[in-house]
Amino acid sequence: MKRTMFFGIFILVASLPFGCATGPQFSMVQPNMVSESPDEGRIFFYRTSALGAAIKPAVMLNGEKVGKAIAKGFFFVDRPAGDYEVVTSTEVKRKVSFVLEKGQTRFIKFNVSMGFFAGHVYGELVDESVGMSEIVNCKYTGGDTS
Amino acid sequence: MARLKNRISFVLLVGVAFVAGGCAFDLAHVSFEPTQFVQPLDHCKTFVVANDVPIDAPCNYDRLLRKGSSWKLVGTIPKGEVYKPLDQVLTVECSNIFEAYLVVSEGHMVGFYLPVEKGFVPLSKGIELPME
């Protein structure tokens with residue numbers, strides 16, 4: 001009986017949105033959607049779901065840590081045109097690859113799928129229209145690299 | 001008796017965790033052939049998809065070429081011409097996700113070109129593209 005109760009409480013606590021982003025809303029930050037530098041493109045990273053909020057994997061862009069995939073959060077980076085790979089690691093390493101062009105804006109959405117011990121957070125390249133509409137409910141995390 | 005059951009459950013749990021801990025979740029890979037990509041002579045060639053075109057992509061992650069979407073010629077590979085989407089994102093997905101362009105030969109989509117990996121992913125059967 002006790003065990004069942006503990007298990008129930010554990011599941012309840014695990015499902016609460018602890019660990020969600022706490023920064024200012026997208027509408028308050030109002031970032032430019034394109035890079036200020038004509039030689040660069042802008043990549044937005046965001047995660048809309050609060051599911052598995054306690055899992056906040058580092059976001060690696062071509063091997064460099066640029067932020068964390070925090071639930072209900074977003075951040076962006078500017079990079080020169082070229083080929084890019086975004087990798088998130090939880091139980092497994094998941095990768096999304098894409099091309100960034102000068103003046104282009106790309107959106108990487110982080111989704112959560114079931115894992116064995118923990119959820120898997122993985123990036124997905126989405127249409128600009130989808131990214132623009134979904135990111136507005138996210139909060140700015142400022143590319144937390146700590 | 002209850003104690004024995006608990007012990008057996010514990011041993012089973014540890015056993016499963018031990019076995020599964022060594023498992024790779026990343027089991028589904030996109031198979032692609034490295035290919036040679038050549039810039040096109042005609043940089044202005046485009047087409048518009050006249051109707052929605054569903055595609056049976058690898059790993060059962062189906063894709064849709066949307067009606068009205070525009071595609072621009074960006075190069076050629078031995079299997080056909082490579083067209084990049086101008087107004088929709090196209091990806092191939094298994095455990096990992098790859099941005100993809102269309103490979104078209106004689107009016108049929110024959111596969112995907114992965115611009116980062118510089119590889120070709122063939123379709124099992126060509127799909128006729130309704131072009132405008």
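Two residues are taken to be in contact if their C-beta atoms, placed from the backbone, lie within 7 Å. The structure described here is a predicted model, in which local features need pLDDT of at least 70 and side-chain atom pairs count only at pLDDT 80 or more, while totals for chains, interfaces and linings use all residues. Residues are numbered from 1 along each chain as its sequence is written, and chains are lettered from A and ligands numbered from 1 in the order in which they are written.

Chain A has three helices and nine strands, where helices (H or I, at least four residues) and strands (E, at least two) are DSSP runs numbered from the N terminus. The elements of chain A follow the order α-α-β-β-β-β-β-β-β-β-α-β from the N terminus on. Among the contacts in chain A with a separation of 6 or more, 69% are between residues 24 or more positions apart.

Strands are said to pair if DSSP finds at least two bridges between them. Within chain A, strand E1 (residues 40–47) and strand E4 (residues 73–80) pair in the antiparallel sense over eight bridges, with Ile43(A) standing opposite Val77(A) of E4(A). E4(A) is also joined by two bridges to strand E9 (residues 139–140) of chain A, the two running parallel, and here Phe74(A) has Tyr140(A) in E9(A) as its bridge partner.

Of the 146 residues of chain A, 36% count as buried, a residue being buried if 20 or more other C-beta atoms lie within 10 Å of its own, exposed if 12 or fewer, and partly exposed in between. A nonpolar core is a set of buried Ala, Val, Leu, Ile, Met, Phe, Trp, Tyr and Cys residues joined through C-beta atoms within 7 Å. The largest such core holds 52 residues, of which Phe45(A), Val103(B), Phe112(B) and Tyr113(B) touch the most other members. Beyond its neighbours within four places in sequence, Phe45(A) is in contact with Val59(A), Gly67(A), Phe74(A), Phe75(A), Phe76(A), Ile108(A) and Phe110(A).

The contact between the chains takes 16 residues from chain A and 14 residues from chain B. Strand E6 (93–100) and strand E8 (120–126) of chain A each supply at least two residues of the side of chain A that touches chain B, and E6(A) gives the most, with seven residues. This side of chain A comprises seven nonpolar, two polar and seven charged residues, with Ala, Val, Leu, Ile, Met, Phe, Trp, Tyr, Cys and Pro counted as nonpolar, Asp, Glu, Lys and Arg as charged, and the others, Gly among them, as polar. E6(A) and strand E8 (residues 97–99) of chain B pair in the parallel sense over two bridges, and Val96(A) stands opposite Ile97(B) in E8(B).
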